[in-house]
Amino acid sequence: MRSPAGIDAREREKRIHALELAGINKRYQGITFESIERRGLPPDPDIRRNYRAVRAYADDIQRNVKRGYGLILAGNYGTLKTTMAVAVMRHWMSVQDGGCLMVPMCSLIDNLFTMRALSKEEWARYERRIRSTPLLVLDDLGGENIDQGWVLSKVDSIITERYNKMLPIIVTTNLSKEELAGTYSGRIMDRLRNTSQCLVFTGASQRKVRA
């Protein structure tokens with residue numbers, strides 16, 4: 001029997017609210033592993049190989065989160081890195097009630113500044129969430145303003161605290177391994193590498209191809 005339209009609408013609103021709370025904005029709210037596969041993966045063998053590895057990580061998501069094991073998705077822009085990270089989040093949300101957050105690195109510092117100016121309590125809650133949510137996605141690492149040393153210190157602090165708490169991070173970045181090593185401290189990169197599976201994307205951007 002079909003549910004009344006009003007109930008369907010409320011359920012849809014509830015689902016959208018949960019996605020927004022997790023930092024998944026409108027463009028990515030329809031992303032799941034199933035939606036990716038229905039649309040079809042691009043023919044690029046590099047993307048297909050990395051997709052299989054990300055799907056395998058998600059298939060064992062509860063054990064990976066429990067042991068604090070994450071992913072580093074690094075390489076060319078437009079190769080579905082963020083899409084795959086969101087698919088992992090959606091899978092985690094389907095087997096676990098909440099407990100994940102996506103943070104676009106280009107807006108992290110702005111968000112913290114804005115929240116602190118508006119409400120110190122709201123700012124403190126957001127910082128606590130970044131540091132303690134069971135699964136954190138740092139989207140576009142290297143996209144933050146790294147010209148100011150304190151920004152790198154903030155990123156260092158977040159990664160260090162989650163490392164010590166054995167809480168996993170999924171990182172997406174357009175930087176190469178060499179660029180990451182040249183931007184962030186050796187200690188931080190060592191911690192990320194030791195607690196993450198690193199997948200390098202070398203294929204061409206799919207954005208125009210799949211628009």
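## Basis of the model

Residues are numbered from 1 along each chain as its sequence is written, and side-chain values use heavy atoms, with hydrogens and water left out. Because the model is predicted, local features need pLDDT of at least 70 and side-chain atom pairs count only at pLDDT 80 or more, whereas totals for chains, interfaces and linings use all residues.

## Salt bridges between helices

Side chains of opposite charge can pair when their charged atoms come close. A search of the whole structure finds 10 salt bridges, where a salt bridge is a side-chain nitrogen of Lys or Arg within 4 Å of a carboxyl oxygen of Asp or Glu. In one of them, Glu 34 and Arg 55 meet at 3.8 Å, N to O. Glu 34 lies in helix H2 (residues 33-39) and Arg 55 in helix H3 (residues 45-59), so the pair ties together parts that are 21 residues apart in sequence; helices here are DSSP runs (H or I, at least four residues), numbered from the N terminus. Both Glu 34, at 44% relative accessibility, and Arg 55, at 21%, count as partly exposed, a class that falls between buried (under 20% relative accessible area) and exposed (over 50%), with a 1.4 Å probe and protein chains only.

A further salt bridge joins Asp 156 to Arg 187, with the closest N and O atoms 2.8 Å apart. This pair links distant parts of the chain, as Asp 156 is in helix H8 (residues 149-164) and Arg 187 in helix H10 (residues 186-194), 31 residues apart. Asp 156 counts as buried at 17% relative accessibility, while Arg 187 is partly exposed at 44%.

Arg 49 and Asp 46 form a salt bridge whose closest N and O atoms are 3.0 Å apart, and both residues lie in helix H3, three residues apart, about one turn of the helix. Arg 49 is partly exposed, with a relative accessible area of 44%, but Asp 46 is buried at 7%. Elsewhere, Glu 127, Arg 131, Lys 154, Glu 161 and Lys 165 are linked in a network of salt bridges.

Notes: Helix = DSSP H or I, 4+ residues; strand = E, 2+ residues; numbered from the N terminus.
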